[in-house]
Amino acid sequence: MVTWSYDNTFEGLLTLVFDCYQKKVFPDKITGTGNSQFVLFQPDYEVLTDDAKGKRVWDGLHKKISDSSCQMVYYSFLSEAKDVELVILNFIRKAFDSPVSIELNFGDKDVLELLKLDRTVMREAERIRMFVRFQKTKDDIYYASFDPRYNVLPLVIKHFENRFADQQWIIYDTKRNYGFYYDLKSTSEFKFVESLIDPATGQIDKSVMDKDEQLFQDMWKSYFKSMCIKERINPRLHMQLLPKRFWKYLIEKQA
Amino acid sequence: MSDVLKKLEILAGAAKYDVSCASSGSNRGNKGKGIGNSSPWGICHSFTEDGRCVSLLKIMLTNNCMYDCAYCVNRRSNDVLRTAFTVNELVDLTIAFYRRNYIEGLFLSSGVVKSPDHTMSMMTRVAKELRTVQRYNGYIHLKSIPGASPELIREAGLYADRLSVNIEIPSEPNLKMLAPEKDYKSILTPMNSICQGILVSKEDSRKFRSAPKFVPAGQSTQLIVGATPDTDNQILKLASGLYNHQSLKRVYYSGYIPINKSDSRLPALTAPPLVRENRLYQSDWLMRFYFFRVDEIVNDTHPNLDLDIDPKLSYAIRNPWMFPVDINKAPFELILRVPGIGVKSAKLILTSRRYGRISSYQLQKMGVVMKRAKYFITCNELASPTINEIKPENMKQLFLPKPEPKKKDKLAGQLSLSFPD
């Protein structure tokens, strides 16, 4: 069994593909460096990330398959699923080696797997668009906490820039400890050094809250409660549509 | 402001029986850095405990009403708290909720006060204020009041993304009985004029790109199910007619919830007919996405939907001559008729089979429900008895939920020792 390792970045993985073709060796297992504490077998080869090599692979892939399929490759990488690297390597290899485009051959297990992973990641991004709840601060910034399962915050920034173009906002990924701040002109990435945010509920501290914020939260809670038709109550469906892991930061689900 | 909180409670509670909540179908951009845009596929922002999505701020301008429709919670003769929002209160509330990403837009409905025209113009004022003063580009759904004049509806359509007129009762004699002040004419007239308006605006935008959009997300309506003895045949025929002739975007079906229990014109139900409602939605989907004609789902010999099995399966069992379908050769429309294959998997099958024959294992991986589909298809190697071997009359039995095994009394299984006294 041939094991290769790379540095857990997308560029690293593309470099790995380049090296595969150069060495004419294709690994059966790909590990991230520093992923496991106990390395039973030393990797046979450690890929050194090289942006130029990565770019060549990426550009080459665009010539073989459509832009949307290339995007699928990147999105499925974000899923951080087990052995996603192998699926991507196999997919890219099939795309390069076939004289016709293979991107629509969903009878192939790697193509189908890639589609499924892509859908999972897209769904998680959609969940941010759905469940982010902004709170207004005294200095007119709308703040929201979120902890997505995958690192998908960058994928939804465009959506919020378009939608809330005339308000300043922050969306913060509490799991990965970074966020984005939109200052009415552009959006920039940042990290909190210290913050006035309750880690359990994602609520900002009362001392920095806008004076009407609490009232609107109460109104939303009360609206949510009065929308429910008692005769139709269906807890199983409710749980399915609004999984418990999102309740933490949802105002309407807080006591 | 706490005044608004109270009003919100009353007027949201009054609006909740309207089932429409879609926020899709419009792609209004955020012009000149205002607030909001609408996403063409719609976004749900929360889900209530009855499993319905909360996408729009569904609210009534007022629950005062001059009509006395038997099925309605806000009818004149009901003793409920009455209140009304002012235009400004409602606009501020919508914007505040929208900025916090609670909602995707506003769905405004209203009881009829003074006259249909007066009510309609009040509702239009809210939409106008949002669009022009607040520079709001999010979704707006306005209920158009039956009997309102075409000019007012025309104006409302320029600000709203979607307009809807609720038919509520699926046949005119029954509507007359339950809502003596309404008739089909007052409902269909605005519906037709909205339909006309949409056609004209589509034509205009072909000539001038800047032509104002009229109701870009189309119109919808709602039918109450189970309040009257109307059959599924009548309901679905009506729906199909609305899709084909009035080019409606959506017809919603609302299982009747006995709100006004004392009214003798309405049936006494213990629970809303949720299964029937679900079957109607399934049939609706068959008509809109699966190329089914309404008379293939229900007809005079088969006027009601089977509550035990879904309409597609029921259709397949009634038409065994159509099966088995060869997955590797059949056209898209025929593959869609197979129970257990949906639109997504049918599309995957179609694109994939150009590369080679598809096996049953691959079908399963693509998301086909083989438990159902295996009786209706042939593919490479699948050796399963099809509907024609099992005989159509025995098919239904296969899909009914198995009766739960009776829980044995724990003690019953144990030996009992009797000791003589």
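**A conversation about chains A and B**

Visitor: Which domains does the assignment give for chain A?
Guide: This is a predicted model. In chain A, the domain assignment gives domain 1 (3-124) and domain 2 (133-253).

Visitor: How far apart are the C-alpha centres of those two domains of chain A?
Guide: The C-alpha centres of domain 1 and domain 2 of chain A are 34 Å apart. Five residues from domain 1 of chain A and five residues from domain 2 of chain A take part in the contact. On the domain 1 side, the touching residues are two nonpolar, one polar and two charged.

Visitor: And how is chain B divided?
Guide: Chain B has domain 1 (2-227 + 247-257) and domain 2 (311-399). The centres of these domains of chain B, taken over C-alpha atoms, are separated by 41 Å.

Visitor: How many helices and strands does chain B have?
Guide: There are 16 helices and 10 strands in chain B. Its C-alpha atoms fill a box of roughly 80 × 75 × 45 Å along the principal axes. Of the 421 residues in chain B, 44% are buried.

Visitor: What about contacts in chain B between residues at least 6 apart in sequence?
Guide: Among those contacts in chain B, 68% join residues at least 24 apart.

Visitor: Turning to the two chains together, how many residues of chain B are in contact with chain A?
Guide: On the chain B side there are 42 residues, in contact with 39 residues of chain A. Elements giving two or more residues to the chain B side include α1 (2-15), α2 (87-99) and α12 (343-352) of chain B. The largest share, five residues, comes from α1(B).

Visitor: What classes of residue are on that side of chain B?
Guide: The side of chain B that touches chain A has 20 nonpolar, 14 polar and eight charged residues.

Visitor: Now strand β4 of chain B: why is it described as largely enclosed?
Guide: Strand β4 (residues 105-109) of chain B is largely enclosed by the rest of the structure because five of its five residues are buried. On one side are B:Gly105, B:Phe107 and B:Ser109, and on the other B:Leu106 and B:Leu108.

Visitor: Which strand do five bridges join to β4(B)?
Guide: Strand β3 (residues 56-60) of chain B is joined to β4(B) by five bridges, and the two run parallel. Within this pairing, B:Ile59 stands opposite B:Leu108. Four bridges join β4(B) to strand β5 (residues 139-143) of chain B, also running parallel. There, B:Phe107 has B:His141 as its bridge partner.

Visitor: Which helices make β-α-β units with these strands?
Guide: β3(B), α2(B) and β4(B) make a right-handed β-α-β unit. Another right-handed unit is made by β4(B), helix α3 (residues 116-133) of chain B and β5(B).

Visitor: One more residue: where is B:Ile327?
Guide: B:Ile327 is in the loop between β9 (325-326) and α11 (332-336) of chain B.

Visitor: Is B:Ile327 buried or exposed?
Guide: B:Ile327 counts as buried because it has 27 C-beta neighbours inside 10 Å, where 20 or more are required.

Visitor: Which residues does B:Ile327 touch?
Guide: Leaving aside neighbours within four places in sequence, B:Ile327 is in contact with B:Ile335, B:Ile349, B:Ile358, B:Leu363, B:Ile377 and B:Cys379. In the largest nonpolar core, of 164 residues, B:Ile327 is one of those that touch the most other members, along with residues including A:Ile171, B:Met123 and B:Phe376. In soluble globular proteins, nonpolar side chains tend to be buried together.

Conventions: Residues numbered from 1 in each chain as written. Chains lettered and ligands numbered in written order. Predicted model: local features only at pLDDT ≥ 70, side-chain atom pairs only at ≥ 80, totals over all residues. Buried ≥ 20, exposed ≤ 12 C-beta atoms within 10 Å, placed from the backbone. Contact = placed C-beta atoms within 7 Å. Domains from an automatic or database assignment. Nonpolar A, V, L, I, M, F, W, Y, C, P; charged D, E, K, R; others polar. Core = buried A, V, L, I, M, F, W, Y, C linked by C-beta atoms within 7 Å. Pairing = 2+ DSSP bridges. Right-handed = clockwise from strand over helix to strand, strands pointing away.
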